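Good morning, everyone, and thank you for making the time. Please have a look at the structure on the screen before I start talking you through it.

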There are 2 protein chains.
Amino acid sequence: MKSYNTVAIIGVGLIGGAFGMALLKKGFTGRVIGIGRNEKRLKVAKRMGAITEYSTDYWILGEADLVFLATPVIHIESLLEGIGPYLKAGALLTDGGSTKEKIVSTAHKFLPPYVFFVGSHPVTGSEKSGVHFTKSDLFEGAVCAVTPDKTTDKKALGNVIKLWKALGSTVISMKPAVHDKLLASTSHLPHFVAAALTLSVVRKDKNLRALLGKGFKDTTRIAASNPEVWAQIALANKKNISNSLQEFLKQTKKLQSAVRTGNMRKLVRLLSEAKTVRESL
Amino acid sequence: MKSYNTVAIIGVGLIGGAFGMALLKKGFTGRVIGIGRNEKRLKVAKRMGAITEYSTDYWILGEADLVFLATPVIHIESLLEGIGPYLKAGALLTDGGSTKEKIVSTAHKFLPPYVFFVGSHPVTGSEKSGVHFTKSDLFEGAVCAVTPDKTTDKKALGNVIKLWKALGSTVISMKPAVHDKLLASTSHLPHFVAAALTLSVVRKDKNLRALLGKGFKDTTRIAASNPEVWAQIALANKKNISNSLQEFLKQTKKLQSAVRTGNMRKLVRLLSEAKTVRESL
């Protein structure tokens with residue numbers, strides 16, 4: 001990490017905050033500048049040791065060798081459209097967005113040719129958002145997907161991989177479109193399923209709360225995630241998520257039909273298949 | 001608990017085993033007889049301290065003051081049809097089945113008038129089954145539903161409530177039909193949803209495993225439950241589970257339609273509602 005003097009983090013929340021904290025904890029001795037619109041939150045981030053200084057002014061980006069975009073996905077896209085003029089020649093940019101196809105294509109379309117962008121998605125987080133809930137070891141032991149395409153600079157890709165490895169993550173590389181399709185199934189779909197399950201529970205019985213076991217609680221935990229963040233992810237990856245939901249509806253209907261008709265054999269077969277898959281993961 | 005000299009547990013698995021272990025750990029000094037068909041497993045249960053003796057012969061039931069039926073739901077029903085002749089006059093029976101309407105009506109229909117039955121459902125467990133995975137504090141801090149109907153003996157009900165409280169559980173009382181409707185929504189539905197979600201995941205990509213985050217793992221954990229047990233529960237409560245799945249499909253389709261049409265406002269509204277409900281639980 002010694003090749004960077006100044007790191008800028010745009011959006012110092014759960015992911016951005018962890019990035020700064022981890023860098024500083026791992027011995028990074030340069031400047032870590034938090035950039036955002038809310039000065040109060042930036043102050044908290046500084047007090048928590050996530051950044052060494054902060055600014056609400058994008059001009060400071062001109063001093064950064066490494067820029068980490070960690071705002072919600074939709075803002076990453078508009079940032080990429082607008083920050084070009086502020087950036088220093090040779091700067092390396094990466095992001096923490098959980099969808100990649102649109103972000104990577106926006107970066108290639110709008111960023112100046114003298115900076116380098118590599119899409120990243122650290123697969124970690126929490127149903128909580130905000131710097132208050134972050135921690136310096138959020139990326140430790142986690143997977144980080146990097147998503148080069150044919151226009152990605154090889155050296156920049158290598159540097160971003162090194163960076164995530166230095167923060168304790170296992171790095172896997174895949175095309176942006178493959179990433180978004182896989183993530184729709186492994187990460188986005190469960191959020192909408194958990195929300196639908198929560199919405200479908202019988203809510204009006206006084207005994208309901210007492211009867212909610214660990215199974216229900218685990219299965220719906222992520223329904224408490226930030227609605228705006230997930231609505232934005234849904235829009236950024238709507239075709240893949242809609243397809244995943246379609247496949248999920250098909251499987252649910254198969255199970256429902258087996259329950260309704262009392263088809264014990266089919267039920268055992270489907271549940272056994274699910275058990276085998278679940279245990280293989 | 002001192003009013004019982006001899007306790008019989010039919011089915012010494014996760015729930016039955018925990019029942020015996022908890023009794024003995026709480027200072028019960030009488031006999032705890034494990035009854036089952038598999039002598040090898042009964043030996044394990046004895047070695048683990050879940051029972052003090054065992055038998056594969058139902059005649060031993062004639063010595064029990066308290067009988068706990070802890071086999072899978074479907075076997076509880078056939079046990080209730082058949083064990084009448086073996087039982088001692090005045091014996092108190094309860095069970096650990098997770099559906100109650102059919103069990104309670106079977107008990108009333110088949111048990112002799114000189115024994116007492118009260119349906120119970122300790123709302124606890126694990127995706128693992130078998131005495132190997134049990135522990136003496138399984139009921140500690142858990143909720144146990146008891147399900148009297150108009151024919152239930154008041155004193156027997158009081159004794160079963162005392163028993164579960166002695167094992168550390170919070171007891172709530174409700175009619176069998178209400179129990180089954182609520183449980184379809186809070187416990188059974190999540191199992192079929194978790195199974196459907198597991199079955200719908202994109203399975204053939206080499207990077208799939210690396211991309212499965214905590215959200216997916218939590219949401220599908222119970223898909224690793226015992227298929228036979230859950231197929232039997234589905235049959236024992238099929239109308240309620242099928243209705244719950246219907247309501248769940250409706251909510252999922254609502255979310256899918258909002259995703260597909262990119263209706264940000266509707267998505268935020270639905271996800272916010274889910275978040276509010278989840279956090280209130």
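This is a predicted model: local features need pLDDT of at least 70, side-chain atom pairs count only at pLDDT 80 or more; totals for chains, interfaces and linings use all residues.

Let us start with Thr71(A), which sits in the loop of chain A that runs between strand β4 (66-69) and helix α3 (73-82). Is this residue buried or exposed? Thr71(A) has 23 C-beta neighbours inside 10 Å, and because the cut-off for a buried residue is 20 or more, Thr71(A) counts as buried. If we leave aside residues up to four places away in sequence, Thr71(A) touches Ile10(A), Gly11(A), Ile76(A) and Leu79(A). As for His108(A), it lies 37 residues from Thr71(A) in sequence, and the C-alpha atoms of the two are 19 Å apart in space.

Turning now to chain B, which residues of helix α3 (residues 73-82) are buried there? They are Val73(B), Ile74(B), Ile76(B), Glu77(B), Leu79(B) and Leu80(B). The elements of chain B that these buried residues pack against are the strands β1 (6-10), β4 (66-69) and β5 (92-95), together with the helices α4 (101-110) and α9 (227-236).

Finally, the two chains: chain B is superposed on chain A, with an RMSD of 0.0 Å, by a rotation of 180° and a shift of 0.0 Å along the axis. This is the relation of a two-fold axis, and in chain B the C-alpha nearest that axis belongs to Thr219(B), at 1.9 Å. Because 100% of the interface residues of chain B are also interface residues in chain A, the copies meet through the same surface.

Conventions
Residues are numbered from 1 along each chain as its sequence is written. Chains are lettered from A and ligands numbered from 1 in the order in which they are written. Helices (H or I, at least four residues) and strands (E, at least two) are DSSP runs, numbered from the N terminus. A residue is buried if 20 or more other C-beta atoms lie within 10 Å of its own, exposed if 12 or fewer, and partly exposed in between; C-beta atoms are placed from the backbone. Two residues are in contact if their C-beta atoms, placed from the backbone, lie within 7 Å. Copies are superposed by least squares on the C-alpha atoms of residues with pLDDT of at least 70 in both.
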